[in-house]
Amino acid sequence: MASSPPGSAPLRHTPLHSRHVALGARMVPFAGYDMPVQYAKGIIAEHQHTRKAAGLFDVSHMGQAALAGPDHATVARALETLVPADILGLVPGQQRYSQLLNDQGGIIDDLMVTRPADGDGRLLLVVNAACKDADIRHIRHHLPDEVRLEVFDGRALLALQGPEAEAVLARHAPAAKSLAFMSAAAMTVAGIPCHVSRSGYTGEDGYEISVPGDRAGALWDLLMAEPEVEPIGLGARDSLRLEAGLCLYGHDINEETSPVEAALAWSIQRRRRQEGGFPGSHRIMEELADGPLRKRVGLLPEGRMPAREGTEIKDAAGELVGEVTSGGFGPTLGAPVAMGYVASDFAREGTALTLVVRGKEIPARVVPMPFVAHRYKR
Amino acid sequence: MTTYYTKDHEYIRVEGDTGTVGISDYAQSQLGDVVFVELPSVGKALTKGAEAAVVESVKAASEVYAPVSGEVVAVNGAIEETPGTVNEDPLGNGWFVQIKLSDAGELDELMTEEQYEDYLKSIS
């Protein structure tokens, strides 16, 4: 029962920190913040609650920022030099998932990009907590003079996820009901000015709500008072996203992996594939044409033993063909689930492979992801 | 019947020359939901401090160490089927293995229940 040593740097707090402590959350260091990994009921109960009702997550540690310039085309073209998604083609209120790429086509970070419904010449960005300082430096370094990056250190971010999320949020913000998946709008939630997107990291319908830090507590309290809502920690956030087949930066994707290898080619729209003009486009266009050398796949181990990050993947002949990058127990499936990279010859659905856990060989097969069907409101 | 504890939060409840080993209530609460347990085979010789079993929560895998040396005489197969029992009843139905002690003198190096309570206060 090892305990982690206390970090040397003082941990940062989100505006909701005292509420997590008051709820009896177990707090852990995460990306420089003191964050709730679970509340009193535990990860499995929180996971199940999110799948059947509504879970409230504090994700204020994530980086929020805006690119601002003279008009949409200028700002979009500036961002398109850094990411492979079609940003120019975003319509007002539309959100897209993309990746900041290095010159080798590796992923510096993954992010959400939103063209706000009003206010031309702005793009809203949400990046990973652990990467945000490096992302900001990287983006600023590459921006043309007429486009600047504003960082919203003072804003909090709440995620409300699950089949009851719409009913809960619409009680306080009727406009939330008419948002489609991957769209966003500014709206007041019980009088609190928020920017709401219909998106998330659980595979469920739901929202991410950006709110000024000094109003975050009031919004949290308002949503927590709803009977369908329970607080959910980072532990269940991880098991939910794993079942949803979503990548965790630094684990399933990193500076070595390309979006094509990571099975994220869907996030590179046609115009960008034709035109290129993003970092590492040479490698990525080649992988799109010929297939990547390795690919991220879903893996279902037999039995109950979880196969975690770093687990070796072998073929029937006992040759090493890949490695698990995320794995654990899927509470909704009631079984272990994993994802990892395998040489492309072994990426086909149904391929029988072996996972080596503590010296034991666990039979597993390649399965399509998500492990649990997405229930987005399209 | 006396229960002893280790600093790694295993317990051993001794009756005669046999001890029942599991993890403490503190350990199960720190681990969170247990989803998998790997037990040794009956007949395996365990050395004090060596790995006796593995317990996995949603988040991570942890070793359960043998509090004393001895031979495994029984394992609790029920917790392989319903690992959550380790959370619900760690000192009762959530036990892991029974060991036939090879050196009862090793028990002197463990903490009594009272000492363990003090130890928990000191680390919290």
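Predicted model: local features only at pLDDT ≥ 70, side-chain atom pairs only at ≥ 80, totals over all residues.
Residues are numbered from 1 along each chain as its sequence is written, chains are lettered from A and ligands numbered from 1 in the order in which they are written, and side-chain values use heavy atoms, with hydrogens and water left out.

Helices (H or I, at least four residues) and strands (E, at least two) are DSSP runs, numbered from the N terminus. Strands of a sheet pair through backbone hydrogen bonds, either parallel or antiparallel; here two strands pair if DSSP finds at least two bridges between them. An open sheet of chain A is formed by six strands in the order β10-β11-β12-β9-β3-β13, with mixed pairing. From one strand to the next, the twist averages 30°. Within this sheet, strand β9 (residues 155-161) and strand β12 (residues 206-212) of chain A are antiparallel and share seven bridges. In this pairing, L160(A) is placed opposite Y207(A) of β12(A).

Contact means heavy atoms within 4.5 Å, while axes are lines fitted to C-alpha atoms, for helices over the stretch in contact, and angles run from 0 to 180 degrees between N-to-C directions. Helix α2 (residues 43-52) of chain A lies across β3 (54-58), β9 and β13 of chain A, at about 120° to β3(A). Helix α5 (residues 165-172) of chain A also packs on the sheet, where β3, β9, β10, β11 (192-197), β12 and β13 of chain A are touched; the direction of α5 makes about 35° with that of β12(A).

In α2(A), the residues I43(A), E46(A), H47(A), H49(A), T50(A) and R51(A) are buried. The buried residues of α2(A) pack against β2, β3, β9, β13 and α7 (234-243) of chain A. In helix α4 (residues 132-142) of chain A, the buried residues are K132(A), D135(A), I136(A), H138(A) and I139(A). These residues lie on the same side of α4(A), because they cover an arc of only 165° around the axis, the arc being that of the directions from the helix axis to the C-beta atoms. The exposed residues R137(A) and H141(A) are carried on the face of α4(A) turned away from its buried side. The partners of the buried residues of α4(A) are β2 (33-38), β4 (63-68), β5 (95-101), β6 (107-114), β7 (122-127) and β8 (148-151) of chain A.

An unreviewed UniProt entry places the feature "binding site" at E208(A); UniProt positions are given in the numbering used here, feature names are shortened, and annotations may be inferred rather than shown by experiment. E208(A) belongs to strand β12 of chain A and counts as buried because its relative accessibility is 11%. Residues up to four places away in sequence aside, the contacts of E208(A) include L157(A), A159(A), H195(A) and Y201(A).

The unreviewed UniProt entry also lists residues 294-372 of chain A as "domain: Aminomethyltransferase C-terminal". Over residues 294-372 the chain is 0% helix and 57% strand, with end C-alpha atoms 24 Å apart. Strand β15 (residues 312-314) of chain A is joined to β16(A) by three bridges in the antiparallel sense, and K314(A) stands opposite L320(A). The hairpin of β15(A) and β16(A) has five residues between the strands, and G318(A) in the turn has a positive phi of about 90°. Eight bridges link β16(A) to strand β17 (residues 335-343) of chain A, again in the antiparallel sense. These two strands form a hairpin with four residues between them, and G334(A) in the turn has a positive phi of about 65°.

Nine of the 11 residues of β16(A) are buried, so this strand is largely enclosed by the rest of the structure. S326(A), located in strand β16 (residues 320-330) of chain A, is buried, with a relative accessible area of 4%. Across the pairing, S326(A) stands opposite M339(A) in β17(A). A polar contact is a pair of N or O atoms within 3.5 Å; within protein, one must be able to donate a hydrogen and the other to accept it, and residues adjacent in sequence count only if both atoms are side-chain atoms. The side chain of S326(A) makes such contacts with the side chains of R241(A), at 2.7 Å, and D252(A), at 2.8 Å.

How values were computed. Buried < 20%, exposed > 50% of the residue type's maximum accessible area, 1.4 Å probe, protein only.
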